[in-house]
Amino acid sequence: MSAHSASVLPVLFISHGAPLFATEPGTTGPALTRWGQALKEAARPGLRGIVLMSPHWMARTPAVMTNPAPATWHDFGGFPQALYALHYPAPGHPELAREVLGLLQGAGIAAQGDDKRPLDHGAWVPLMHLFPDASVPVVQVALPVSYGPAETYALGQALADLRAQGVLVVGSGSMTHNLGEFFGGAREPAPYVVAFSRWVESTLESGDFSAMLDYRRQAPGAQRAHPSEDHFLPIFFALGAAGWGGPQGARPDYLSREVMYSMLAMDTFALSTPAQ
């Protein structure tokens, strides 16, 4: 938690799991609430906003939410009615969105603003736990459909300077995400889920940049953990914003290693540099 007192904010990667995470928080939800409260108390002069990437906003080209009052989008079906009654009324932040657009365009990433974009569940579900009072403005950044690990890392890297300006950069995805196994019945963590998650943790600890970028070939069970990689790519957004793999030596501080429904690893961690 010492990084919270620094002028440069940490970066956060959150596994947002299934929409049920909103009402079934497990141990990960309370851990996020504690971490968010500590960040609010220590951040000086305060939190300007959150810049977040979710796999539930995939766009043909890079895009940034400029909506001043994004709606809560219930972008899922077949879940209990209680989920559809939930709302997360965090404001947007058009000024911060313009700064994000400027940084991306300055890095050669031709991003456009979207003034209609709502908050998808990859944003509002974990933020309900992180900042329950919905008081911190949110700006979402789209995940371009053509991006892989290296391109997503570069997108996050372009926004690294925001951390010194009171902005919390968040990658919201899932450490594992094979929904074909969601209703499998078993509740013990599947062995491949543990193997994949702990490979990622050890790779993050060692700072092995090339191995991480090549995770689909090198990580055990990668294809099963992520039949498609959309839910894993936000980790690279977070790593880029943190400067992980570079001379700063950012390392993960895990908030959770929980596994839900046997196949959803909820690994959540902050990334801070030793100098912080």
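Q: Is Ser256 buried or exposed, and what is its relative accessible area?

A: Burial is read from relative accessible area: buried means under 20%, exposed over 50%, and partly exposed in between, with a 1.4 Å probe and protein chains only. Ser256 has a relative accessible area of 6% and is therefore buried. This is a predicted model, in which local features need pLDDT of at least 70 and side-chain atom pairs count only at pLDDT 80 or more, while totals for chains, interfaces and linings use all residues. Residues are numbered from 1 along each chain as its sequence is written, and side-chain values use heavy atoms, with hydrogens and water left out.

Q: Where does Ser256 lie, and which residues is Ser256 in contact with?

A: Helices (H or I, at least four residues) and strands (E, at least two) are DSSP runs, numbered from the N terminus. Ser256 belongs to strand S7, residues 251–256. Contact means heavy atoms within 4.5 Å. Once neighbours within four places in sequence are set aside, Ser256 is in contact with Thr28, Met266, Asp267 and Thr268. A polar contact is a pair of N or O atoms within 3.5 Å; within protein, one must be able to donate a hydrogen and the other to accept it, and residues adjacent in sequence count only if both atoms are side-chain atoms. Here a polar atom of the Ser256 side chain lies 3.2 Å from the backbone nitrogen of Glu258.

Q: How many helices and strands are there in the chain, and what radius of gyration does the chain have?

A: The chain contains 10 helices and 10 strands. The radius of gyration is taken over C-alpha atoms, and the globule rule is 2.2 Å times the number of residues to the power 0.38. For 276 residues, a compact globule would have a value near 19 Å; the chain has 17 Å, which agrees. Along the principal axes, the C-alpha atoms fill a box of roughly 45 × 45 × 40 Å. Of the 276 residues, 58% are buried. Among contacts with a separation of 6 or more, 81% join residues 24 or more positions apart.

Q: Which way do the residues of S1 point, and which strands are joined to S1 by bridges?

A: In a regular strand the side chains alternate between the two faces of the sheet. In strand S1 (residues 11–15), Val11, Phe13 and Ser15 point one way and Leu12 and Ile14 the other way, and all are buried. Two strands pair if DSSP finds at least two bridges between them. S1 runs antiparallel to strand S10 (residues 268–272), with 3 bridges, and Val11 stands opposite Leu271 there. S1 is also joined to S6 in the parallel sense by 4 bridges, with Phe13 and Gly171 as partners.

Q: How is strand S2 paired?

A: Strand S2 (residues 49–59) is mostly covered, with 9 of its 11 residues buried. S2 runs parallel to strand S6 (residues 167–173) through 5 bridges, and Met53 is opposite Gly171. S2 also pairs in the parallel sense with strand S5 (residues 138–144) over 6 bridges, where Leu52 faces Gln140.

Q: Which residues of helix H5 are buried, and where do they fall around the axis?

A: The arc is that of the directions from the helix axis to the C-beta atoms. In H5 (residues 149–157), the buried residues are Pro149, Thr152, Tyr153, Leu155 and Gly156. They fall within an arc of 160 degrees, so they line one face of the helix. Elements packed against them include S2, S5 and H10.

Q: How many residues of helix H4 are buried, and what covers them?

A: In H4 (residues 121–130), 9 of the 10 residues are buried, so the helix is largely enclosed by the rest of the structure. Its cover includes S1, H1, S2, H2, S5 and S6. At the start of H4, a side-chain oxygen of Asp120 reaches to within 2.9 Å of the backbone nitrogen of Gly122.

Q: Which residues have the most contacts inside the largest nonpolar core?

A: In soluble globular proteins, nonpolar side chains tend to be buried together. A nonpolar core is a set of buried Ala, Val, Leu, Ile, Met, Phe, Trp, Tyr and Cys residues joined through side-chain atoms within 4.5 Å. The largest has 93 residues, and Val51 and Met212 have the most contacts inside it. H10 gives the most to this core, with 7 residues.
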